Each structure stands twice: as C-alpha cells, then as structure tokens.
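I'd like to walk you through one model, so let me put it up on the screen.

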Amino acid sequence: MLTVDKGVKYLQSAGAKITATRIAILKSLENRRDHPSAERIFMELKLSYPSLSIATVYSTASLLARGSLIRILSIDEKKVYYDPNMEPHGHFMCRQCKLVFDVPFHFDITAAADASEEIASVEDAEVFYYGLCVRCAPPR
Ligand SMILES: [Zn+2]
Ligand SMILES: [Zn+2]
C-alpha cells in the first residue's frame, strides 16, 4: 500500500524533486479507495496549492506507477484512474455515473503461466467489468 513515506523515497530515488505539491498528491492517494481520476485529484488540491498543474498530477502518478506504488487504470478511454491498492483485484465501472468499484478476483492469475508455454511468470492482472451500479440501475 502506498504511503507518503514510501512515495517520497521512491520519487527521490527516481530523481524527482520533492515539492509540497508532490507530497500533497501522495497524501491524497494514500489509503484512497475510490479510484480518483487525475482531474479529481487536481480539483481537490488546486485551492490549497494554486501552483499545482494537472501535468504534475499526471507526471507524479506515472512515476509512482513505474515504481509499482500505484496502479493506473485504463478502464475508461477518456480518463485515467488511480489506485494505491496493488493487491490483484478487478474493477467495475458504472457506465452511467463512472464510479469505479473494486471487484475481488475469483481466479488464480498465476494459472495463466500454466496455460501458455510463452509465459514464464505472472505478476499482475487487470480485469475490467462494465455495467450499472445499484444507484444508477432502474428499480426492479
Ligand atoms: Zn452508477
Ligand atoms: Zn481498486
């Protein structure tokens, strides 16, 4: 799980400058369960950090993803969503409100290595589900 400490250490090792805005981005991603988009994080922080640009959110997040500290979900073609939970799990996106929820995996991702001679080992997997959440679905 991403912590501000781990994030700062990793960013330093990657040669990134540790700025107040980068620490604010780390804080807002730490323990986050709602898969915020880059835009969402930018909106939440820009009042307190007027110098923050959305480019900094994108670049900080891609560094963190390169260090396997967060996932960048490509569940939507228009936006990227961030997830500090690195345990293998799937994601459900409501096609109406665009909220993203965790879905537990019910299968062993390493089994893919047994199923194909091309695969030596499996480290991670992404599974995306699409549909309607309980709040958006018409009453039954
Ligand atoms: Zn919904
Ligand atoms: Zn997740």
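So, Ile75. Leaving out residues up to four places away in sequence, Ile75 touches Tyr81, His91, Met93, Val100 and Phe128. Keep in mind that this is a predicted model, so everything I say today is about the prediction.

Where does Ile75 sit? It's in the loop between strand E1, residues 71-73, and strand E2, residues 81-83. And is Ile75 buried or exposed? It has 21 C-beta neighbours inside 10 Å, and the cut-off for buried is 20 or more, so Ile75 counts as buried. There's also Tyr130: that residue is 55 places from Ile75 along the chain, and their C-alpha atoms are separated by 8.9 Å.

Three strands make up an open sheet, in the order E4-E3-E5, and the pairing is mixed. At the edges we have E4, residues 100-103, and E5, residues 128-131, each of them pairing on one side only. From one strand to the next, the twist averages 25°.

Let's take the two pairings in turn. As a quick reminder, strands of a sheet pair through backbone hydrogen bonds, either parallel or antiparallel. Strand E3, residues 90-94, pairs with E5 in the parallel sense, over four bridges. His91 has Phe128 as its bridge partner in E5, and both His91 and Phe128 are among the residues that Ile75 touches. On the other pairing, E3 and E4 run antiparallel and are joined by four bridges. Here Met93 has Val100 as its bridge partner in E4, and again Ile75 touches both Met93 and Val100.

What links E3 and E4? They form a hairpin with five residues between the strands, and in that hairpin Lys98 takes a positive phi near 70°.

Last stop, the helices. Helix H1, residues 4-13, packs on helix H2, residues 20-29, at an angle of about 135°, and their axes are 9 Å apart. The crossing of H1 past H2 is right-handed. On the H1 side, the contact is made by Val4, Gly7, Val8 and Leu11, and on the H2 side by Arg22, Ile23, Leu26 and Lys27. Sorted by class, that's five nonpolar residues, one polar and two charged.

That's my tour; happy to take questions.

Notes. Residues are numbered from 1 along each chain as its sequence is written. Chains are lettered from A and ligands numbered from 1 in the order in which they are written. This is a predicted model: local features need pLDDT of at least 70, side-chain atom pairs count only at pLDDT 80 or more; totals for chains, interfaces and linings use all residues. Two strands pair if DSSP finds at least two bridges between them. Helices (H or I, at least four residues) and strands (E, at least two) are DSSP runs, numbered from the N terminus. Axes are lines fitted to C-alpha atoms, for helices over the stretch in contact, and angles run from 0 to 180 degrees between N-to-C directions. A crossing is left-handed if the near helix is turned anticlockwise from the far one by less than a right angle, and right-handed if clockwise. Two residues are in contact if their C-beta atoms, placed from the backbone, lie within 7 Å. Ala, Val, Leu, Ile, Met, Phe, Trp, Tyr, Cys and Pro count as nonpolar, Asp, Glu, Lys and Arg as charged, and the others, Gly among them, as polar. A residue is buried if 20 or more other C-beta atoms lie within 10 Å of its own, exposed if 12 or fewer, and partly exposed in between; C-beta atoms are placed from the backbone.
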